[in-house]
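Welcome, and thank you for taking a look at this structure. Let us walk through a few of its features together.

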Amino acid sequence: MPALHEIQQSFGRGLRSGDFGAVAASVTHPARLSIYRNHFLISLGEALAATYPAVKAAVGEACFSGLARRFVLANPPVAPVLAEYGAEFADFLADQAEVAGLPYLPDLARLEWAMNRAAVAADAPSVGLPELAAIAPERLTASRLAQHPAIALVDSAYPVSALRDAVLAGEGFDLTGAREECLLVYRRDGAVALRNMDAGGFALLRGMFEQGRPLGQAFEAARLSEAELASVLAMLGEIGAITGVEFDHER
Amino acid sequence: MRAPLSTGVGLRTPHSAAFAARRPKVGFLEIHAENYLGGGPARAALEDLRRDYPLSIHAVGLSLGSAEGVDADHLARVSALVERLAPALISDHLSWSAVDGTYFNDLLPLPYTIEALRIVAENVARVQDRLRRRMLIENPSRYVGFRGAAMSETAFLAELVERTGCGILLDVNNLHVSAHNLGGDAEAAIADLSSAAVGEIHLAGHARVEADGETILIDDHGSAVDAAVWRLFESAAARFGHAPALIEWDSNLPSLDVLVAEAEKADRCRATVEARRHRARAA
């Protein structure tokens, strides 16, 4: 019998390609190897369906299972936590001619991924509004605000949150006159929530959370008024989006 | 001998709210480690239930049969969960799930060879060292065997126990499924296993599929426990009366009442076996 590592490598290639090669000669019932291949493809397709229910509802069951199968073959999991599987699905959908007629689909997938991550992100104590308010303004503008692990930013040329609600409810959606959307995804009292942001506030959050800029720099780049900044900070404090305030000179 | 825990059930997310609201009487709850490595509401619900139920952590992704060894990052995460939840039992399977950087989300079969025994023993020892706990290793459902295997599954498990000090999670449904699919004697396997090594018993439903003119049993955990598996459970309960039992149900989930009733059925079965044993002793 070949060494265990060779058997496992050959088995793994078989699960991905359907050709079990040398393993077929080593096992008692080679025809049944397809049971393992079907389980690999179907169980991971089900995991994707659990993460992307709105994408599935938008394209229909049969189309989704075909997309999922191709995705699993192209991007199999690298680790055993299924809630963390499927990050590349939105980019994959953007390349599929079959769903090119649904141009919002990749953004819908991005939103579902962000919500899925928010649901299982690590717990972390947050910095409340009174604590933020107690910091001198010039120190605060020089600081970097650390985001809660559940926070994500999703923007789209389409109204993806309304689209998501509609497809999950089995309703049609009229895209004429539809507007872009900037969404803050967060978790509050154990539930994933969405908040619509205007473009300026969203640019501030991008600067702070995605580009890691100090608050003052992100504020200037976003071209907000002082009052708008105060209102975004109040909102972040209220929803528990900030978990730390880092001062450069204290690093 | 200390009385065993009454029969537990696998905790699945759709039942979480009903569990929290009603706290049905079951012996313990078993979770899949891989479903609770993050935070958020699922984790919070578990922390709450943990105050009322003993917990068993059943891992499905350590891939103890991997020739490449156990993934250090995954082991670190499972270890942190074990430390946090301090479960009564910890287990994973006699199988492998990953190779060349791909995780296949399945409990893939091992050839029962001397080489595989050395590899599994090293992996189990590494996990036990990290967790600083004895773990239980479960016999998997198998659809293929390997030509040229050096020993039976029972002998492989016995040797693994000898080398690592681990225990055995005897899944009587898997035993039945594998015996049917590969030809084997499940009753004989129960008689061969060391009583001291078996630390937990699993019960679950399976599906029958007809393919290429043969009937294959598939371990889908999607129905009530089959009559043939209940008969095996009686034999297992007679030999391993100290080991707690658990009902697993993962697909076509029933209501919580039906799940709890299945656990009660297992308790009644054990009580009958126990009474029979007392009568035999008295006679």
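In chain A, 12 residues of domain 1 are in contact with 10 residues of domain 2, where contact means that the C-beta atoms of two residues, placed from the backbone, lie within 7 Å. Chain A is divided into domain 1 (1-102) and domain 2 (107-251), with bounds that come from an automatic or database domain assignment. Their C-alpha centres lie 34 Å apart. On the side of domain 1 of chain A that touches domain 2 of chain A, α4 (53-59) and α6 (89-94) of chain A each supply at least two residues. The largest share of that side, five residues, comes from α4(A). Helices (H or I, at least four residues) and strands (E, at least two) are DSSP runs, numbered from the N terminus.

A note on the model: it is predicted, so local features need pLDDT of at least 70 and side-chain atom pairs count only at pLDDT 80 or more, while totals for chains, interfaces and linings use all residues. Residues are numbered from 1 along each chain as its sequence is written, and chains are lettered from A and ligands numbered from 1 in the order in which they are written.

Now to the place where the two chains meet. Here 39 residues of chain B are in contact with 38 residues of chain A. β6(B) gives the most to the side of chain B that touches chain A, with six residues.

The table sorts the residues of two sides by kind.

The axes of α8 (residues 227-239) and α9 (residues 256-282) of chain B come within 9 Å and cross at roughly 50°; axes are lines fitted to C-alpha atoms, for helices over the stretch in contact, and angles run from 0 to 180 degrees between N-to-C directions. α8(B) and α9(B) are therefore oblique to each other, as angles under 35 degrees count as roughly parallel, over 145 as roughly antiparallel, 65 to 115 as roughly perpendicular and the rest as oblique. Among the residues making the contact are B:Trp230 and B:Phe233 of α8(B) and B:Cys269 and B:Val273 of α9(B).
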